[in-house]
Amino acid sequence: MRLIPRFTFLCLFALVTAFTSGCGYIRYLIPLNPTAKTATTPPTHAAWDSQLKKYVNNQGLVDYKAWQGDSLALNAYLQDLSAHLPSKSWTSNNELAYWINAYNAFTVQRILRAYPVKSIKDLGGTKIFVDTPWDQHFIKLDGKDYSLNDIEHRIIRKNFEDNRIHVALVCAAMSCPRLRNEAYVGPRLNAQLDEQGRDFVNNPAKNKLTPADKPQLSSIFSFYPKDFTKNGSTSIQDFVNRYATQKIKPDVPLTYLKYDWDLNEQK
């Protein structure tokens with residue numbers, strides 16, 4: 001779930017967890033599938049990489065119309081992911097690359113199944129935990145049903161202390177980070193995520209960093225402020241300045257841009 005739905009998700013869940021956790025982080029009670037098959041060798045993600053290079057341009061915009069006619073290749077890649085879950089023998093980077101690719105690829109599949117569509121938000125209802133596009137259990141992983149929320153919150157955010165995931169997970173909207181036109185892979189994951197950070201922070205369509213004392217940031221930052229105190233960052237401002245070519249003042253008050261939920265498609 002990205003942005004507005006994610007924010008609502010957190011607020012509602014906070015009511016449930018406030019008496020026991022005392023913080024804003026999500027604590028899930030449903031365990032991962034204990035009988036899932038695992039793969040001793042991580043996938044190359046070559047099939048996903050080929051699809052991204054073919055249908056996603058350098059601005060992260062997607063040719064959904066053309067991709068819809070070639071969706072069997074994407075489905076085959078996702079079936080392969082579903083049949084081979086990460087193993088404990090994998091490195092953390094290989095495992096995180098797997099889940100980021102899975103989230104992004106299943107999001108694309110969800111769009112292709114309904115295309116043409118103006119926004120991913122049109123593909124579900126408004127009942128949090130029930131029928132939003134991020135709550136729908138359309139993802140199959142070794143016979144168990146998952147939602148995009150499950151992958152993002154119950155798996156990625158719970159198990160990986162890396163705030164850069166927020167510039168890598170893409171919800172098919174114009175204000176999302178750009179969809180990278182190559183697959184994430186474990187051996188290069190740190191470099192890829194840092195590149196995503198620079199691309200996102202310095203993109204004036206996502207963040208307006210000038211004047212330095214009045215920046216306007218992506219709404220993404222406002223929904224997970226505590227996440228941006230991880231990975232060596234001490235604040236949202238610190239995270240931004242880690243990647244920004246135009247630095248903002250470290251103690252500047254922050255305002256946030258309105259989120260554009262229009263589909264991230266090539267026109």
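Predicted model: local features only at pLDDT ≥ 70, side-chain atom pairs only at ≥ 80, totals over all residues.
**Overall make-up**

- The protein has 9 helices and 4 strands, taken as DSSP runs numbered from the N terminus (helices H or I, at least four residues; strands E, at least two).
- Starting at the N terminus, the order of elements is α-α-α-α-α-β-β-α-α-β-α-α-β.
- Of the 267 residues in the protein, 53% are buried; buried means under 20% relative accessible area, exposed over 50%, and partly exposed in between (1.4 Å probe, protein chains only).
- Among contacts (heavy atoms within 4.5 Å) between residues at least 6 apart in sequence, 68% join residues at least 24 apart.

**The α4 and α5 pair**

- Helix α4 covers residues 71–83 and helix α5 residues 92–114; they pack at an angle of about 140 degrees, with axes 10 Å apart.
- Axes here are lines fitted to C-alpha atoms, for helices over the stretch in contact, and angles run from 0 to 180 degrees between N-to-C directions.
- The crossing of α4 past α5 is left-handed, meaning that the near helix is turned anticlockwise from the far one by less than a right angle (clockwise would be right-handed).
- On the α4 side, the residues that meet α5 are Ser-71, Leu-74, Asn-75, Tyr-77, Leu-78, Leu-81 and Ser-82.
- Their partners in α5 include Tyr-98, Ala-102, Ala-105, Phe-106 and Leu-112.

**Helix α9**

- Helix α9 (residues 236–243) is mostly covered, with 6 of its 8 residues buried.
- The buried residues of α9 are Ile-236, Gln-237, Phe-239, Val-240, Asn-241 and Tyr-243.
- Their cover includes α7 (189–201), β3 (216–217), α8 (220–223) and β4 (255–256).

**Disulfide**

- A search of the whole structure finds 1 disulfide, defined as a pair of cysteine sulfur atoms within 2.5 Å.
- Cys-171 and Cys-176 form this link, with an S to S distance of 2.1 Å.
- Cys-171 counts as buried at 0% relative accessibility, and Cys-176 counts as buried at 1%.

**Backbone features**

- Most residues other than glycine have a negative phi, and most peptide bonds are trans.
- The peptide bond from Tyr-115 to Pro-116 is cis, with omega near 5 degrees; Pro-116 lies in the loop between α5 and β1 (139–141).
- Thr-210 and Pro-211 are also joined by a cis peptide bond, with omega about -5 degrees, and Pro-211 sits in the loop between α7 and β3.
- Asp-142, in the loop between β1 and β2 (144–146), has a positive phi near 50 degrees.
- Asn-231 has a positive phi near 60 degrees and belongs to the loop between α8 and α9.
- With a relative accessible area of 31%, Asn-231 is partly exposed.

Key. Residues numbered from 1 in each chain as written. Heavy atoms only, no water.
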